[in-house]
Amino acid sequence: MTVYQELKMNKAGSKALSRSCTNRKDKMRHTAIYLFKICLTMAFCMAVVIGFSKIFGNGNSIVGVVVLLCVMAFRFADFGIRTPHAMGALTLMFAILTFGPRLANAGGLVQEFLVNTVCILILMVLGCHNVVMFNHSTLLLCYLLLYGYDVTGDLYIQRLIAMGIGAAATLIVYYRNHRKKVYKRSLGDIFKEFDIHSLRTKWQITMVFGVTTAMLIAGLLHVPRRMWIGIAAMSILVPFHEDAKKRAKSRVPGNIVGCFIFLALYYLLPPSIYNYVGVIGGIGVGLSATYGCQAVFNTFGALSIAVGILGRPGAVFFRIFNNFFGAVYGVLFERGFGRVLDRVSSSTREIPTP
């Protein structure tokens, strides 16, 4: 295998290749290539985010993050439908990502809840039909990031242009990587298969209302950075029940540990290094093999931005509180709402005539 082929492998493949080596020299070589790939990825990501920030304004640096998430995710993940239909669905989803968060932030809590519910439902139906691809972790995260880092006026005009560029880049990558895949299912079949009696549809509906009601409650309580609550709930409301419990047990401790490490870095490092704490977190995520470790390092980037808004104590407190609230709420909501959906499904199931 060439170096270029190894660089194209995903994280799981690179680590599996390294573990399979019995020769120490080969193992060190594969490990070095993997670390080099992480450095290249981080350099590329920083360049994209900084580029979007310079061209479209600091308030739109988050668009660079969103574009990176979509391009990197949809290099490998697809929607389980014919490619031309998937391209149309992806275009519609980018339109929702572009206009939905702005519309949600433009009104009161009721409007916000309704807009978020409709937008997230459409994203779940269009992009998350193929459950094993875990596309919700990309699409919903992008939506919540754009919702949390909203802009208005001239910056929003710039955001429209930036999102258009991001949509074009993602569509090109999706078509290039998935055009040869053959699927019988069309876009219309996705809507036909949206059925309250199926486990997939129950999970999709649970995800939608779990995230939106969590943020609605946070809004009623005037909790800042409530997108963190939505992201925490989203990370818990996965399609498989056992995975949800494991994630809840890992996310809260991971965020607490991440906050303490973040504080230690701020006290130990000179102020000139503060701007790079988020980068350190990004490298840590790239090296992390477990969800718990990823939760630790994901904290760095979020806190780096929130410190300028809430101050250091406030940022740390609400990072811990919001993630605890979102994770616990996600677990409780999944259990309670799941029973409601089961009853609705049972009551609406057609009884066959003899």
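Keep in mind that the model is predicted. The protein comes out with 14 helices and 0 strands. Of its 354 residues, 47% are buried.

**Overall picture**

- If you walk along the sequence, the pattern is simply α-α-α-α-α-α-α-α-α-α-α-α-α-α.
- Take the contacts between residues at least 6 apart in sequence: 76% of them join residues at least 24 apart.
- The protein exposes about 17,700 Å², and carbon and sulfur atoms supply 68% of that area.

**Helix α6**

- Helix α6 covers residues 109–127, which is 19 residues.
- From first C-alpha to last, α6 reaches 26 Å, close to the 27 Å expected at 1.5 Å a residue.
- Its buried residues are E112, F113, V115, N116, T117, C119, I120, L123, M124, V125, L126 and G127.
- Those buried residues pack against four partners: α5 (83–105), α7 (136–148), α9 (187–192) and α10 (199–220).

**α10 with α11**

- Helix α11 takes in residues 227–236, and it packs with α10 at an angle of about 150°, the axes being 9 Å apart.
- That angle makes α10 roughly antiparallel to α11, because angles over 145 degrees fall in that class.
- The α10–α11 crossing is right-handed.
- On the α10 side, the contacts come from M207, G210, V211, A214, M215 and A218.
- Facing them in α11 are M227, I229, G230, A233 and M234.

**α4 with α7**

- Helix α4 (residues 61–73) and α7 cross at roughly 175°, with their axes coming within 10 Å.
- So α4 is roughly antiparallel to α7 as well.
- α4 brings I62, V63, V65, V66, L69, C70 and A73 to this pairing.
- α7 meets them with T138, L141, C142, L145 and L146.
- As background for the spacing in such lists, an α-helix has 3.6 residues a turn, so residues three or four places apart point the same way.

Methods. Residues numbered from 1 in each chain as written. Predicted model: local features only at pLDDT ≥ 70, side-chain atom pairs only at ≥ 80, totals over all residues. Heavy atoms only, no water. Helix = DSSP H or I, 4+ residues; strand = E, 2+ residues; numbered from the N terminus. Expected span 1.5 Å × (residues − 1). Buried < 20%, exposed > 50% of the residue type's maximum accessible area, 1.4 Å probe, protein only. Contact = heavy atoms within 4.5 Å. Areas by Shrake-Rupley, 256 points an atom, 1.4 Å probe, with all protein chains shown as cover. Axes fitted to C-alpha atoms, helices over the stretch in contact; angles between N-to-C directions. Parallel < 35°, antiparallel > 145°, perpendicular 65-115°, else oblique. Left-handed = near helix turned anticlockwise from the far one by under 90°.
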